[in-house]
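Subject: Two-chain model, handed over

Hello,

Here is the structure for you to look through. Please open it first, then read my notes below.

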Amino acid sequence: MFTGEQIAALFAELGVTHVVTVPDSTIGKWGDDIANTSGLRLVRVCREGEAWAVAAGLYFGGARPLVLIQCTGLFESGDSLRNVLHDWKIPIFSVIGYRSFLNQDTLPGDTCLVFTEPLLDAWKIEYKLITTASQAGEICDHYRACFAAGKPGCALIAEGKA
Amino acid sequence: MSDAAMPLRGAMEVLREHRAPGDVMVTSMGSAREWIAMGESNPLDFIFVPSSMGQAPSLALGIALAQPARRVFACNGDGSTLMNLGALATISAESPANLILLVMDNGVYEVTGAQPTPGSALGRPDKRGVDFAEIARACGWKSVYRFRDLEDWQEAAADCINAPGPVFIALEVAPVPGAVGPKSPGPTIDRARSFRSALSVPKN
């Protein structure tokens, strides 16, 4: 849906300084362009729970981090995001890949479709579902609205077919 | 010199002696409890309570990356380290020269009643505990140390914390009998705000 160049330009335009990430087959293709963009630093972590804590430390230190993970990583990282977003009220924005949303050819019956959106609701993370590249502006608007309100937010990027 | 592991309080007092103005101190679990009990707090203390267990080194990594001019200490338990072992690889990949991680290795989940961790000699059929210093070395940390005796740690501390970073220090400490978990020293939202504000003041 998006090229790495488009995403890197969008993050830079939003003033993001660090992208803390675990790749999947969609968002992982953006890594090189993010890493090669002036003003953006890509921080690769081993597991998604780490991403929220690293982002929290960056935020404390005055940076503007963003967490970039797949929805399976959202499932993995529940306690860490609970601690960062809710115990400490740190307004981290995330971009989360929504596995199999556009088709299920690779993983028929993928339960990511069952659990992702209810889980975001359960964690009280306001998200915008992005299904086409024409919605890039909605990511920017949602990021800026969350930033201004000092609250976490998420752009949920449909995956499965460009 | 005895063969007994050093007392946690003594290990932490060494850190207090060597902490310089402008240094950040992240503590969690037992180390947070001791740090709070040891006296007056510093605006650059981050008592990571409540925490997500295992995430103190990751949080410290974020601070270290955002503030490369500051030295950042992080104190973690051995059970916490096991819970987020990948952080050792993440940190060495980023290789922040200003990060010092101390693992207080007592072999047990102290605050839940001293059950052995899967990494401790007590918790394994072969009675051979996991060597965290060797794991850190294998992950590529720049400087790695391990101490069991308090006098040895006291003597070497200055050299260790001034060694090329990231620095990993495993301290074998004795469990504190009957120890409970630390209490949050205040509302998290206020503490988050004041810590961020303290970090916004440039280091002299």
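Which residues are buried in α7(B)? They are B:L150, B:W153, B:C160 and B:I161. Buried means that 20 or more other C-beta atoms lie within 10 Å of the residue's own; exposed means 12 or fewer, and partly exposed is in between, with C-beta atoms placed from the backbone. Seen down the axis of α7(B), these buried residues fall within an arc of 70°, so they line one face of the helix. The arc is that of the directions from the helix axis to the C-beta atoms.

Before going on, some ground rules. This is a predicted model: local features need pLDDT of at least 70, side-chain atom pairs count only at pLDDT 80 or more, and totals for chains, interfaces and linings use all residues. Residues are numbered from 1 along each chain as its sequence is written, while chains are lettered from A and ligands numbered from 1 in the order in which they are written. Helices (H or I, at least four residues) and strands (E, at least two) are DSSP runs, numbered from the N terminus.

More on helix α7(B)

On the other side of α7(B), B:E151, B:A158 and B:D159 are exposed. The helix covers residues 150–161 of chain B. Its 12 residues should span 16 Å at 1.5 Å a residue, and its end C-alpha atoms are 16 Å apart, which agrees. The expected span is 1.5 Å times one less than the number of residues. What covers the buried residues of α7(B)? The cover includes β1 (6–7), α1 (8–18), β5 (99–105), β8 (143–147) and β9 (167–174) of chain B.

Strand β5(B)

One of those covering elements, β5(B), is itself worth a look. In β5(B), 7 of the 7 residues are buried, so the strand is largely enclosed by the rest of the structure. Both of its faces are covered. B:L99, B:L101, B:V103 and B:D105 are buried on one side. B:I100, B:L102 and B:M104 are buried on the other.

How many bridges join β5(B) to β9(B)? There are 6, and the two strands run parallel. β5(B) also pairs with β4 (residues 72–77) of chain B, in the parallel sense, over 6 bridges. Two strands pair if DSSP finds at least two bridges between them. B:L102 takes part in both pairings: B:C75 is a bridge partner of B:L102, and so is B:I169.

One residue: B:P57

B:P57 sits in helix α3 (residues 56–66) of chain B. Is it buried or exposed? B:P57 has 30 C-beta neighbours inside 10 Å, so it counts as buried. Leaving out residues up to four places away in sequence, B:P57 touches B:A74, B:N76, B:N84, B:A87, B:I91 and B:L101. Two residues are in contact if their C-beta atoms, placed from the backbone, lie within 7 Å. The C-alpha atoms of B:P57 and B:K183 are separated by 20 Å, and these residues are 126 apart along the chain.

Chain B as a whole

Chain B has 8 helices and 9 strands. Its radius of gyration is 16 Å, close to the 17 Å that the globule rule gives for 204 residues, so chain B is as compact as a globular protein of that length. The radius is taken over C-alpha atoms, and the rule is 2.2 Å times the number of residues to the power 0.38. Buried residues make up 48% of chain B.

Chain A has 7 helices and 6 strands. Buried residues make up 44% of chain A.

In α3(A), 13 of the 13 residues are buried, so the helix is largely enclosed by the rest of the structure.

Best wishes
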